[in-house]
Amino acid sequence: MEAYFIAIGIIALIYVILSLGLTLQYGLTGLINFGHVGFFAIGAYTSALLALKGVPLVFSFAAAAALAGLAAWPLGLVSLRLRDDYFAIVTLGFSEVVRIVITSERWLTNGVQGIPGIPRLYEGLGGSAAQLAVLVTVLAVTLVGAWIIRRIAGSPFGRLIEAIRDNEEAVQALGKDPARFKIQVLVVGAALAGIAGAFYAHYITYIVPDQFIPLVTFYVWMAIIMGGVGRVSGAIVGTAILMLFLEGSRFLRDIVPGVSEVDMASVRIGAVGLLLVLFIMYRPQGLMGDYTKR
Amino acid sequence: MFYAQLLVNGLVQGLVIGLAALSITLVFGIARFPNAATGDFMTFGAYAALSAHKATGSIAMGGLAAIIATGVISLLAYLAVFRRLAERSVVALLVASIGIAFFIRAVLGVAFGHSQQVFQVPLSRPYVFGSVRITPLDLQLAAVALAALALVFAILYLTPIGRQMRAVADNRDLARVSGIRPDRVMIALWLLAGSVAGVAGMMLGIKTIVTPEFGWEMLLPAFTAAILGGIGSPVGAVVAGLILGVVQEVSTPLVGFTYKIALAFIIMLAVLLVRPRGLFGRLEGAR
């Protein structure tokens, strides 16, 4: 039982890191990133492949963050001068292309067979001690990430990006170039997703392209919308609900007889869809959001 | 001559993309957001056609079922969700359209299962021109697509409601003060956009295999064609769809089958970088 809670805790914190990235990008800056899972995938594969080549995990994690951030940069250059909705389409397309590339380039990623046997963190400790150490590490990274985002939100830079979200023309009129700040935000959020991906790869130890479908992006969207957009507390609460939902649906399948795994996957997708629509319609500010504005 | 064959295949594929892009560009131009549920509307149309075809054995009945059922589901999506979000930001509409897309896919997955399904159409001998082979089925599909396009353009350019739709696309406020009732225009829009997506879905289903995910996978090429054609331009969407279909097919020997969709993405980025208003779009659109 204890092992189960540690496992859930690790996955939940990985999702919190993903939501923090999206909170920075969408919640604070208003960037509609529909391709979060693409950066997550880049981080997972980068760190997994480097680690299997014998690179120490500290460096493979750093490379995961760097490469995911680097991938965001040209994407931002091309699309951030365009309207928001175009950016949403471009990022969605980007994450699909990432998945196509890792599916097709078998020489590098082993295609649909995926990469097995990715080394765990703290393998030397063995068993439950290693698990606990992983949990503590992810927690530490999450807390640092949350702290950085709160610091950013309170800094002049944070006020600027929030101003971009609220009125881009006004920012332009003040002589600031919104695109430059948006690219910085995009890169930082993508790097966070890359770190989350690295944790994921080294925790699950086996990655295949099917783990990086757009549904993952919208799990994260669901989390921040349910929790409350633009707040660190919202990202955390939303992720907690998301985990309850994901684990609950797995639990439900185990006790209800005659429901196949594919059916349950459909039900899960349908519930995500329905929740997204309902929250957008009836509680756009989320559970932790500011009730005074709409 | 090998490429001539690919050109023919590409044209049929291009008509499917063009119809999907037409649905996107109509909604984008008039309701002002990129409808990410378009792909799943297509899937819905394909399953509707599949069921009707199984029940009656007639492709024509299948097409009718696709048009009606998808038009209705699209209208329902508008009445239940999009209409209530009309005054909200574009991201609300966008996220809601993703939610609707997931919901439709889930319902189809539970109702029809996840196994691949095919239209049982009789095989027929292809017509041979030199080294180019054209199947009667391809010709029929092309005829259906062209008929659907002719109908849509007739509605848009020859009927009062079509004129009103174009007026709203052009300038919503001006249309309103001119006495155009936005509600009627929106209902016509969603019926039309849904039906067009339904036809596209049925065509794609007949050409390939139907799964609950197959429409979603067409979303990227369809968005690319809508952007390449210029958002809000129906003619542009169709022309760009044909271009994209041909480019995808002709490049397949060079880049491989799996990179078809990636190619659409590269083309989208290139268009946004060089000419964000597309081939036929207006200047203020994208920026």
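Predicted model: local features only at pLDDT ≥ 70, side-chain atom pairs only at ≥ 80, totals over all residues.
Starting at the N terminus, the elements of chain B are arranged as α-α-α-α-β-β-α-α-α-α-α-α-α. The radius of gyration of chain B is 18 Å, close to the 19 Å given by the globule rule for 287 residues, so chain B is as compact as a globular protein of that length. Its C-alpha trace extends over about 60 × 45 × 35 Å along the principal axes. Of the 287 residues in chain B, 52% are buried. When contacts in chain B between residues at least 6 apart in sequence are considered, 76% of them join residues at least 24 apart.

Chain A can be described in the same terms. Its secondary structure consists of 12 helices and zero strands, and along the sequence the pattern reads α-α-α-α-α-α-α-α-α-α-α-α. With a radius of gyration of 19 Å, close to the 19 Å that the globule rule gives for 294 residues, chain A is as compact as a globular protein of that length. The C-alpha trace of chain A spans about 55 × 45 × 35 Å along its principal axes. Buried residues account for 49% of the 294 residues of chain A. Among contacts in chain A between residues at least 6 apart in sequence, those that join residues at least 24 apart make up 77%.

Helix 1 (residues 2–28) of chain A packs against helix 6 (residues 127–154) of chain A at an angle of about 20 degrees, and their axes are 9 Å apart. Because angles under 35 degrees count as roughly parallel, helix 1 of chain A is roughly parallel to helix 6 of chain A. The crossing of helix 1 of chain A past helix 6 of chain A is left-handed. By class, the residues of this contact comprise 20 nonpolar, six polar and no charged.

Asn110(A) has a positive phi of about 65 degrees, although it is not a glycine. Likewise not a glycine, Tyr122(A) has a positive phi of about 55 degrees. Asn110(A) is found in the loop between helix 5 (106–109) and helix 6 of chain A, and Tyr122(A) is placed in the loop between helix 5 and helix 6 of chain A. Asn110(A) has 16 other C-beta atoms within 10 Å and is therefore partly exposed. For Tyr122(A), 16 other C-beta atoms lie within 10 Å, so this residue is partly exposed.

Elsewhere in chain A, Phe181(A) sits in helix 9 (residues 178–204). Phe181(A) counts as partly exposed because it has 18 C-beta neighbours inside 10 Å; a buried residue would need 20 or more. Leaving aside residues up to four places away in sequence, Phe181(A) touches Leu160(A), Ile161(A) and Ile164(A). Phe181(A) and Leu80(A) are separated by 101 residues in sequence, yet the C-alpha to C-alpha distance between them is 10.0 Å.

Turning to the interface, 34 residues of chain A are in contact with 37 residues of chain B. On the side of chain A that touches chain B, the elements giving two or more residues are helix 3 (57–79), helix 4 (84–104), helix 10 (214–227) and helix 12 (261–282) of chain A. Helix 12 of chain A gives the most to this side, with 13 residues. Sorted by class, the side of chain A that touches chain B holds 21 nonpolar, seven polar and six charged residues.

Helix 12 of chain A also takes part in a helix pair across the two chains. This helix and helix 4 (residues 90–112) of chain B pack at an angle of about 155 degrees, with their axes 7 Å apart. Since angles over 145 degrees count as roughly antiparallel, helix 12 of chain A is roughly antiparallel to helix 4 of chain B. Helix 12 of chain A and helix 4 of chain B cross in a left-handed manner. Their contact is made up of 18 nonpolar, five polar and two charged residues.

Note on methods. Residues numbered from 1 in each chain as written. Chains lettered and ligands numbered in written order. Contact = placed C-beta atoms within 7 Å. Helix = DSSP H or I, 4+ residues; strand = E, 2+ residues; numbered from the N terminus. Nonpolar A, V, L, I, M, F, W, Y, C, P; charged D, E, K, R; others polar. Axes fitted to C-alpha atoms, helices over the stretch in contact; angles between N-to-C directions. Parallel < 35°, antiparallel > 145°, perpendicular 65-115°, else oblique. Left-handed = near helix turned anticlockwise from the far one by under 90°. Buried ≥ 20, exposed ≤ 12 C-beta atoms within 10 Å, placed from the backbone. Rg over C-alpha atoms; globule rule 2.2 N^0.38 Å.
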